[in-house]
Amino acid sequence: MNIILFGAPGAGKGTQAKLITEKYGIPQISTGDILRTAVDEGTSMGIEAKKYMNDGKFVPDSIIIGIIKERLSKDDCKKGFILDGFPRTMPQVIALDELMGEMNTKLNKVISLNVPDDLILVRVSGRKVCKNCGTSFHVKFSPPKKENVCDVCGGELYTRKDDNVETVSKRLIEYHSQTVPLFNFYKDEGILVEIDGTRNFNVVTKEIFDILG
Ligand code: AP5
């Protein structure tokens, strides 16, 4: 099963992708997580990407497409994958389409988690992420049992550098101008499903599982 999760920054893509991974046994491929690892490791790609990420801008397509080509060629993607945060631009859509052809496979569903911008700002400004396993918490909506400690692995929780109102506002502009127009491409393919991402975690998860079957 090959799935794309669309959604504004903080819509819940990462949260839901982890649950899909658990249930269906397919890997979550988050371009944001891969980029953050490269930034932390100080690789040349990370140094280049950081300039864009800290400013709330999309990282250039050439970098992102290279990441995805390499990641999808790994063995664990043979039985399927969840793309979390890719594609975000038309060149990325075209590159993915070509890649699917080369891999002799196709996308099954594109699920968009729809959340309005005012709620996005509330979600992102309260987010805490585990340094070790990447699980997201929220100070109000899903607080960890122990402050700043991950319930899943005991890792330390931190606030992402790009999770401030100014940067999130820029990320939302990028999302609305470059990513939302892509919906039409997948609508025409008949595989886009838009769901209300404002509801409780469990309700959103149940709807996704119902869609995926
Ligand atoms: P990335 O890390 O992908 O950031 P994003 O798309 O902005 O998405 P987020 O990770 O912020 O949010 P999410 O939807 O996963 O939400 P979460 O589940 O954590 O990308 C970062 C940067 O990298 C980009 O800005 C860009 O520079 C670059 N980049 C990445 N991919 C790129 C690409 N393809 N092309 C170009 N550049 C790229 O949830 C958020 C919060 O809400 C959490 O606190 C969570 O607990 C809470 N929450 C979630 N669901 C619910 C719910 N149902 N109810 C209440 N609270 C909820």
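What follows is a chat about the sheets, the ligand site and a few local details of this predicted model.

Biologist: Start with the sheet of five strands. What is the strand order, and is the pairing parallel or antiparallel?
Modeller: The order is E2-E3-E1-E4-E8, the pairing is parallel, and the sheet is open.

Biologist: Which strands stand at the edges?
Modeller: Strand E2 (28-30) and strand E8 (192-196) do. Each has a single partner strand, so one side of each has no neighbour in the sheet. From one strand to the next, the twist averages 20°.

Biologist: How many bridges join E2 to E3?
Modeller: Three, and the two strands run parallel. E3 covers residues 81-84. Gln28 stands opposite Ile82 in E3.

Biologist: Which helix packs on that sheet?
Modeller: Helix H9, residues 201-212. H9 touches strand E1 (2-7), strand E4 (109-114) and E8. The direction of H9 makes about 160° with that of E4.

Biologist: And how many bridges does E4 have with E1?
Modeller: Five bridges join E1 to E4, and the two run parallel. Leu5 stands opposite Ile111 in E4. E4 also pairs with E8 in the parallel sense, over five bridges. There, Leu113 has Ile195 of E8 as its bridge partner.

Biologist: What holds strands together in general?
Modeller: Strands of a sheet pair through backbone hydrogen bonds, in a parallel or an antiparallel way.

Biologist: On to the sheet of three strands. What is its order?
Modeller: E6-E5-E7, an open sheet with antiparallel pairing.

Biologist: Why is one side of E6 and of E7 left without a neighbour in the sheet?
Modeller: Strand E6 (136-138) and strand E7 (157-158) stand at the edges with a single partner strand each, so one side of each is left without a neighbour.

Biologist: What do E5 and E6 form?
Modeller: A hairpin, with five residues between the two strands. Gly134 in the turn has a positive phi of about 80°. Three bridges join E5 to E6, and Arg127 stands opposite His138 in E6.

Biologist: And how many bridges pair E5 with E7?
Modeller: Two, in the antiparallel sense, with E5 covering residues 127-130. Val129 has Tyr158 as its bridge partner in E7, and Cys130 has Leu157.

Biologist: Where does Ser142 lie?
Modeller: Ser142 lies in the loop between E6 and E7. A polar atom of the Ser142 side chain lies 3.0 Å from the backbone nitrogen of His138. Leaving aside neighbours within four places in sequence, Ser142 is in contact with Ser136, Phe137 and Phe201.

Biologist: Now the ligand. How many residues surround the ligand, and which are the closest?
Modeller: There are 34 residues around the ligand, and the closest are Thr15, Lys57, Arg88, Arg127 and Arg171.

Biologist: What lies 2.6 Å from an oxygen atom of the ligand?
Modeller: A polar side-chain atom of Arg171. A polar side-chain atom of Arg36 lies 2.8 Å from an oxygen atom of the ligand. With Arg199 the atom is a backbone N or O, which lies 2.9 Å from a nitrogen atom of the ligand.

Biologist: How much of the ligand does the protein bury?
Modeller: The ligand taken alone exposes 1,000 Å², and the protein buries 97% of that.

Biologist: Which elements give two or more residues to the shell around the ligand?
Modeller: Helix H1 (13-24), helix H2 (31-41) and E6. H2 gives the most, with four residues.

Biologist: How do the shell residues divide by type?
Modeller: Into 12 nonpolar, 12 polar and 10 charged.

Biologist: Last topic, the backbone. Where is there a cis peptide bond?
Modeller: A cis peptide bond joins Phe86 and Pro87, with omega about 0°. Pro87 lies in the loop between E3 and helix H5 (90-102).

Biologist: And which residue has a positive phi although it is not a glycine?
Modeller: Asn104, with a phi of about 55°. Asn104 is in the loop between H5 and E4.

Biologist: Why point those two out?
Modeller: Most peptide bonds are trans, and most residues other than glycine have a negative phi.

Note on methods. Residues are numbered from 1 along each chain as its sequence is written. This is a predicted model: local features need pLDDT of at least 70, side-chain atom pairs count only at pLDDT 80 or more; totals for chains, interfaces and linings use all residues. Side-chain values use heavy atoms; hydrogens and water are left out. Two strands pair if DSSP finds at least two bridges between them. Axes are lines fitted to C-alpha atoms, for helices over the stretch in contact, and angles run from 0 to 180 degrees between N-to-C directions. Contact means heavy atoms within 4.5 Å. A residue is near a molecule or strand if one of its heavy atoms lies within 4 Å of it. A polar contact is a pair of N or O atoms within 3.5 Å; within protein, one must be able to donate a hydrogen and the other to accept it, and residues adjacent in sequence count only if both atoms are side-chain atoms. Accessible areas come from the Shrake-Rupley method with a 1.4 Å probe; for residues, only the protein chains shown count as cover. Ala, Val, Leu, Ile, Met, Phe, Trp, Tyr, Cys and Pro count as nonpolar, Asp, Glu, Lys and Arg as charged, and the others, Gly among them, as polar.
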